[in-house]
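Hi everyone, thanks for coming. Let me put the structure on the screen, and then I'll walk you through a few places in it.

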Amino acid sequence: MRSRWQRFKESYMLYSFLRDHMAVTCFVILAILVITAFTAPIIAPHDPYDTKTIDIMNAQLPPVWSDGGTADFLLGTDAQGRDMLSTMLYGMRVSIIIGVGAVCLQAFLGIVVGLLSGYIKRLDNILMRIADVQLSFSTYMVAIFIGAIVQTAFGVAGYDKVAVPLIIVIIGLAEWPQYARTVRASVLAERKKEYVEAARVIGLSKSRIMWRHILPNTLSPVLVISTVQVANAIMSEAALSFLGLGMPVTKPSLGSLITAGFEYIFSGSWWITIFPGFLLVTLILVINLLGDWVRDFLNPKLYKG
Amino acid sequence: MFAFTVKRILQAVVVMLIISFIGFAIKHNFGDPVRDLVGQRVTATERAEIRDRLGLNDPFPVQYARFLRDALHGDLGQSYFFKKPATEVIIKKAPATLELVFCAAFIIVVLSIPLGIYSAIRPKSLFSRFVMGGSIVGVSMPVFLTAILLIYIFSVELHWLPSYGRGETVLLFGWWDSGLFTVDGLLHLVMPSIALSSIMLPLFIRLIRSEMMEVLETEYVKFAWAKGIKPWRVWLVHAFKNTLLPVITVGGVQLGIMVAFTILTETVFQWQGMGSMFIESVERSDTSLMVAYLVFVGIVFVLVNTFVDIIYGLVNPTVRVAGRQ
């Protein structure tokens with residue numbers, strides 16, 4: 001019996017992955033970004049959350065290679081005198097946590113709804129109508145509306161403490177229909193197959209067939225859209241933050257860093273906006289490209305829409 | 001076809017009812033019209049009297065019914081901040097947004113069709129690879145970041161284009177505030193419409209390309225080649241005509257979605273349209289205007305989607321048959 005690792009080493013997936021230079025490059029960049037984001041407290045030169053170390057006199061210093069930059073702040077400082085590099089690393093961590101968290105939530109909601117409506121006829125119509133209606137509005141719109149409602153409902157006080165879980169819930173609620181439709185489409189295809197009939201003949205319960213037999217076979221399309229959805233969720237978070245409905249400036253994500261720097265772009269302090277923007281685009285781009293590769297590799301029949 | 005149309009319209013009505021219900025629930029729970037109507041000095045008894053007169057003490061269903069009846073007459077309540085009917089505020093801001101969407105849609109149509117066709121018929125050429133590469137970067141770029149970059153390059157560094165506002169506008173038909181007919185207004189339109197189109201352009205190029213490539217593989221295109229028809233005729237008349245159908249369907253819905261992106265674009269460029277009005281109303285907790293915008297956008301979405309669906313049902317009979325189950 002070969003070990004899992006050995007089987008993985010000889011698998012076709014790894015082989016085709018290593019043959020594709022684009023995918024390998026993207027994976028390496030993504031890995032570097034994720035690792036630096038999560039080791040930020042160790043590797044970042046400054047702590048942007050620690051107000052004691054921040055000196056307002058250091059505000060708006062340009063990056064090290066332009067005039068007036070110091071080696072202490074490699075990529076310059078923002079309007080409050082925080083080191084850009086450190087703030088960006090911490091911000092990327094917030095963005096990634098929100099992106100992954102929101103995708104977990106929407107995947108959970110979507111898989112439950114998709115399974116139920118694919119396997120139980122009576123629920124199908126109503127659940128899919130809800131998904132259709134929500135999809136016909138753009139997910140941004142739904143997220144912006146929920147965000148706006150939450151903001152007016154609870155006000156700004158104490159907002160930064162609950163901001164991360166709140167935004168995860170907002171984006172999760174806004175984007176689940178994508179999953180529900182994908183899962184439902186593949187459930188409908190799977191349930192006609194013989195192994196499901198066999199399971200039914202043995203007398204297994206409906207829920208067991210759904211969770212243990214059908215669900216594992218619908219996972220490859222779920223995996224494919226998950227990668228792209230992480231990128232989408234990070235983008236939605238950035239958009240929400242940009243509108244002032246997302247992460248507060250005291251605990252910034254990449255989106256709120258871009259917003260915070262936007263006012264200063266007119267006075268020529270371009271680095272406060274452009275660096276986080278560049279990082280955000282790089283992050284989303286590599287995730288999207290990896291998503292493309294996963295899609296080409298697994299090549300499931302995706303719901304077109 | 002008749003049954004299909006009726007079904008879609010009924011569905012649209014139900015959706016509108018749900019949206020209005022959500023909107024009303026927000027308004028009912030989070031807004032206090034009395035506080036916004038009167039000043040600090042008014043006593044509690046007077047407040048109670050005003051509440052009674054405005055019917056705010058009536059049970060929820062009664063108030064909801066009243067809200068619906070008013071909404072059907074085009075009255076979505078008073079904006080607390082502007083002290084004017086919310087519908088009036090929205091209609092005053094609508095032309096700015098519509099012009100922006102129109103210009104962005106124009107850019108999308110003009111650019112995506114030739115680029116999409118070219119990259120479908122010459123998928124290996126350097127230019128198509130460049131277009132496809134550019135489109136995936138475009139998909140990964142948040143719309144507000146594109147807008148900020150444009151502002152930085154063309155306004156801050158080069159001083160070519162104005163960075164905010166609508167510029168000089170002219171009044172058409174007495175109410176349509178248009179920036180399309182002055183040079184200044186057009187200059188102000190350039191960057192916002194490019195920014196707004198940047199999010200949909202890559203999607204459309206990819207959509208046209210993939211549909212076109214699919215069509216180019218079909219038998220009748222091969223037959224057209226075999227007949228010796230000129231290449232451009234095969235591409236444009238035989239192949240492209242048949243890619244148009246799915247493109248129009250998806251396109252119609254996407255144009256509705258662009259309304260959502262106007263919120264972001266307008267905020268960056270301080271464009272005095274409905275989107276920035278909505279964000280301002282959130283900041284001022286002007287629930288009444290917020291709800292009015294929600295209902296208004298809901299109507300636009302539902303109308304566009306129903307319309308596209310019905311047209312699609314007309315053109316493609318399989319949809320109606322499948323819909324009947």
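Let's start at B:Ser128, which sits in helix 6 of chain B, residues 126-139. Helices here are DSSP runs of H or I with at least four residues, strands are runs of E with at least two, and both are numbered from the N terminus. B:Ser128 is partly exposed, because 19 other C-beta atoms lie within 10 Å. The scale behind that word is this: 20 or more other C-beta atoms within 10 Å of a residue's own make it buried, 12 or fewer make it exposed, and partly exposed is in between, with C-beta atoms placed from the backbone.

Which residues does B:Ser128 touch, leaving aside its neighbours within four places in sequence? They are B:Tyr118, B:Ser119, B:Arg122 and B:Pro123. Contact means that the C-beta atoms of two residues, placed from the backbone, lie within 7 Å. B:Pro59, on the other hand, is 69 residues away from B:Ser128 along the chain, and their C-alpha atoms are separated by 63 Å.

Before I go on, a word on what you're looking at: this is a predicted model, where local features need pLDDT of at least 70 and side-chain atom pairs count only at pLDDT 80 or more, while totals for chains, interfaces and linings use all residues. Residues are numbered from 1 along each chain as its sequence is written, and chains are lettered from A and ligands numbered from 1 in the order in which they are written.

B:Ala65 belongs to helix 4, residues 60-72, and is partly exposed, with 13 other C-beta atoms within 10 Å. Most residues other than glycine have a negative phi. B:Gln270 has a phi near 50 degrees, a positive value in a residue that is not glycine. It counts as partly exposed because it has 13 C-beta neighbours inside 10 Å.

Now let's step back to chain B as a whole. Chain B has 13 helices and four strands, and 38% of its 325 residues are buried. Take its contacts between residues at least 6 apart in sequence: 70% of them join residues at least 24 apart.

One helix pair in chain B is worth a look. Helix 5 (residues 86-121) and helix 8 (residues 183-216) of chain B pack at about 35 degrees, with axes 6 Å apart. Axes are lines fitted to C-alpha atoms, over the stretch in contact for helices, and angles run from 0 to 180 degrees between N-to-C directions. The crossing of helix 5 with helix 8 in chain B is right-handed, meaning that the near helix is turned clockwise from the far one by less than a right angle. The residues of this contact are 22 nonpolar, five polar and one charged. Nonpolar covers Ala, Val, Leu, Ile, Met, Phe, Trp, Tyr, Cys and Pro; charged is Asp, Glu, Lys and Arg; the others, including Gly, are polar.

Over to chain A, which has 13 helices and zero strands. Of its 305 residues, 45% are buried. In helix 5 of chain A, 29 of the 36 residues are buried, so this helix is largely enclosed by the rest of the structure.

Where do the chains meet? The contact takes 33 residues from chain A and 30 residues from chain B. On the chain A side, helix 7 gives the largest share, nine residues. By class, that side has 25 nonpolar, eight polar and no charged residues.

Last stop, the largest nonpolar core, with 151 residues. Such a core is a set of buried Ala, Val, Leu, Ile, Met, Phe, Trp, Tyr and Cys residues joined through C-beta atoms within 7 Å. The residues with the most contacts inside this core are A:Ile144, B:Ile148 and B:Tyr293. Beyond its neighbours within four places in sequence, A:Ile144 is in contact with A:Leu240, A:Leu243, A:Leu245, B:Ala260 and B:Ile263.
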